Amino acid sequence: MDCPHCRVKMRPQLMGEALVEVQLCPACRGAWLDKGKVLHFVPKPRELLQALSDGLLAPQPSSLVCPRCQESTLTEGGLVREDVRVGLCGRCGGLWLAAGTLKRLVDAQLPTTATTPPSAPTRVD
């Protein structure tokens, strides 16, 4: 399978606790995940499944061709947040993640801890 970004032959690699096979590009470090495989990597898979069902945020046509189908072009858009950009194949449901996108996707699902400055001590007279 060739990388949709740089056309270099991708290599299968087992990743994550579940040892899920993903295709990694040795040149651009992007990753191809077949339909549903991304759910094994995120802390809230049900929320991500719903986000995928709802569709990408700000979707745009892409010139990238699906490495699995070889017949469909990917749609690029945000997943969970607009700044977490992925390529989605409308035919097979696979996802193209540029280098670092999987980490951004996981980080987007982690709870944020609000940091409030400590309050000043109350003076009692």
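How do strand 4 and strand 5 pair, and over how many bridges? Strand 4 (residues 57–65) and strand 5 are antiparallel partners, held over four bridges. Before the views, two notes: this is a predicted model, in which local features need pLDDT of at least 70 and side-chain atom pairs count only at pLDDT 80 or more, while totals for chains, interfaces and linings use all residues. Residues are numbered from 1 along each chain as its sequence is written, and side-chain values use heavy atoms, with hydrogens and water left out.

View 1. Helices (H or I, at least four residues) and strands (E, at least two) are DSSP runs numbered from the N terminus.

**View 2. Strand pairs in close-up.** Leu 57 faces Gly 78 of strand 5. Strand 5 and strand 6 run antiparallel and are joined by five bridges, with Thr 75 having Leu 88 in strand 6 as its bridge partner. These two strands make a hairpin with one residue between them, and Val 80 in the turn has a positive phi of about 75°. Elsewhere, two bridges join the antiparallel strand 2 and strand 3, and Gln 23 stands opposite Trp 32 in strand 3.

**View 3. The nonpolar cores.** A nonpolar core is a set of buried Ala, Val, Leu, Ile, Met, Phe, Trp, Tyr and Cys residues joined through side-chain atoms within 4.5 Å. The largest one has 20 residues, and Leu 33, Val 38, Leu 79 and Leu 105 have the most contacts inside it. Apart from this core lies another of ten residues, among them Cys 3, Cys 25, Cys 69 and Cys 89. Leaving aside residues up to four places away in sequence, Val 38 touches Leu 33, Leu 48, Leu 52, Leu 95, Leu 102 and Leu 105, where contact means heavy atoms within 4.5 Å.

**View 4. Salt bridges.** With a side-chain nitrogen of Lys or Arg within 4 Å of a carboxyl oxygen of Asp or Glu as the rule, the count comes to five salt bridges. Arg 68 and Asp 34 form one, their closest N and O atoms being 2.8 Å apart. This pair links distant parts of the chain, 34 residues apart: the loop between strand 4 and strand 5 holds Arg 68, and the loop between strand 3 and helix 1 holds Asp 34. Asp 107 and Lys 103 meet at 2.9 Å, N to O; being four residues apart in helix 2, they are separated by about one helical turn. Lys 103 is exposed at 56% relative accessible area (exposed means over 50%). Shared partners join Asp 34, Lys 37 and Arg 68 into one network of salt bridges.

How values were computed. Buried means under 20% relative accessible area, exposed over 50%, partly exposed in between (1.4 Å probe, protein chains only). Two strands pair if DSSP finds at least two bridges between them.
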